[in-house]
Amino acid sequence: MAFSLNSYPVVYRAKYSDVWTEEFIEKPHKTRAEEAALTEKERERLIESRNYFEDMPLVSYSTQYGLGVFEGLKALPQKDGGLAIFRPDKNAARFARSMKGFRMPPFPEELFVKACLEVVRRNAALRFTPVYKPEWEKDSFSTAEAVYIRPFTYSEGGIGVKLSSEPWVVIICTTVGAYFEQDLHGAVVSGRARATPRGTGWIKASSNYVISALAKHEAAEAGFMECVFLDAIERRYVEEGSSCNIFFYLKSGELVTPELGDTILPGITRESVIELARDKGVRVSERRISIDEAMSESRECFVSGTAAGATPIESLSYNGKKVEFNGGKCGDFTAEIRDTLKTLQYGISRDTKGWMLRV
Ligand SMILES: *Cc1c(COP(=O)(O)O)cnc(C)c1O
């Protein structure tokens with residue numbers, strides 16, 4: 001059984017010290033076919049070796065205190081061949097904002113976009129990236145693959161409680177398929193608070209994920225696919241999922257997603273869904289929505305994120321009460337949004353918005 005992250009051999013790394021110094025590092029690899037022919041142990045060792053850098057400190061503000069920010073974006077195989085990255089400029093801007101939020105020197109946005117393009121290109125040249133398969137179209141791309149790009153910061157060495165002034169930015173890539181388990185579809189409201197006012201909930205920070213991981217684990221133990229967080233103060237308003245934003249399509253025809261603030265992560269999929277829904281003439285509101293309203297007034301519910309795309313939430317459970325949306329099946333509106341997003345991302349429909357950047 002493989003436990004290690006199957007990251008591609010070419011890794012990007014930049015280090016800040018007055019200026020950013022960049023490098024592309026080609027880690028040990030064989031061809032994809034040769035790697036497939038290795039024994040499980042050999043393959044494991046090879047893949048694991050790509051995940052280490054001996055010149056990065058073991059004891060750092062990142063490893064000790066979770067002081068790190070990250071991004072997640074995708075390069076998607078295109079129907080007519082090649083790969084294209086979905087809205088990397090948006091991730092670049094959010095990464096810089098996150099770094100500033102942690103008082104790090106922000107990584108320049110143009111460098112971010114160029115580095116993502118180049119690291120995918122180099123791995124594609126080694127044939128590690130997936131290619132388009134027409135059979136993905138048959139099941140609304142639920143089995144489709146993509147290149148997941150993961151940029152993250154890593155601090156200089158240190159054990160004091162300090163901020164990072166000379167961080168690294170590392171970018172690794174790996175192939176991803178479907179994000180959620182296929183057989184679990186319901187969500188449960190978590191008793192935990194993911195983010196608090198005046199905290200770091202709006203930053204895509206590693207440290208925020210500890211609570212999310214706990215809550216998601218507890219949800220899975222109870223048989224749910226996802227957990228949903230309420231606000232920390234009143235315990236009344238819906239905020240988001242463990243790593244995705246949330247939408248309610250109400251019986252009135254209004255599409256509601258919680259308004260942004262310092263406890264909600266401004267998702268790029270969220271922003272894109274809002275725009276696509278408005279294009280379809282749907283009334284979209286970014287406003288507070290109570291758990292009671294969400295449970296009694298929703299016709300459909302879905303979560304959004306780079307990994308999740310737009311994934312239907314078929315039921316929501318809270319305090320022993322459970323509501324099923326659309327008879328427990330994916331609703332038409334959710335399916336339409338999901339398909340609009342997927343066909344744009346995989347290059348089936350025309351990119352009228354200029355959201356796709358060719359690799
Ligand atoms: C990354 C993330 C999202 C989704 O953001 P996208 O840009 O759409 O991928 C939502 N919530 C949290 C907490 C996140 O970390």
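Modeller: This is a predicted model, in which local features need pLDDT of at least 70, side-chain atom pairs count only at pLDDT 80 or more, and totals for chains, interfaces and linings use all residues. Residues are numbered from 1 along each chain as its sequence is written, and side-chain values use heavy atoms, with hydrogens and water left out.

Colleague: Which order do the strands take in the open sheet that contains S7, and what is the pairing?

Modeller: The order is S9-S8-S7-S15-S16, five strands in an open sheet with mixed pairing. Strands are DSSP runs (E, at least two residues), as helices are (H or I, at least four), numbered from the N terminus.

Colleague: Why are S9 and S16 placed at the edges?

Modeller: Strand S9 (238-241) and strand S16 (321-324) each have a single partner strand, so one side of each is left without a neighbour in the sheet. Neighbouring strands here are turned by 25° against each other on average, direction ignored.

Colleague: What makes S7 and S8 a pair?

Modeller: Two strands pair if DSSP finds at least two bridges between them. Strand S7 (residues 187-189) and strand S8 (residues 226-230) have three bridges, in the parallel sense, so they count as paired. Ala187 has Glu226 in S8 as its bridge partner.

Colleague: How do you know that H6 packs on this sheet?

Modeller: Helix H6 (residues 209-221) touches S7 and S8, where contact means heavy atoms within 4.5 Å. The direction of H6 makes about 125° with that of S8; axes are lines fitted to C-alpha atoms, for helices over the stretch in contact, and angles run from 0 to 180 degrees between N-to-C directions.

Colleague: Why is Tyr65 called partly exposed?

Modeller: Buried means under 20% relative accessible area and exposed over 50%, with partly exposed in between (1.4 Å probe, protein chains only). Tyr65, at 39%, falls between these limits and is therefore partly exposed. The residue lies in helix H3 (residues 61-65).
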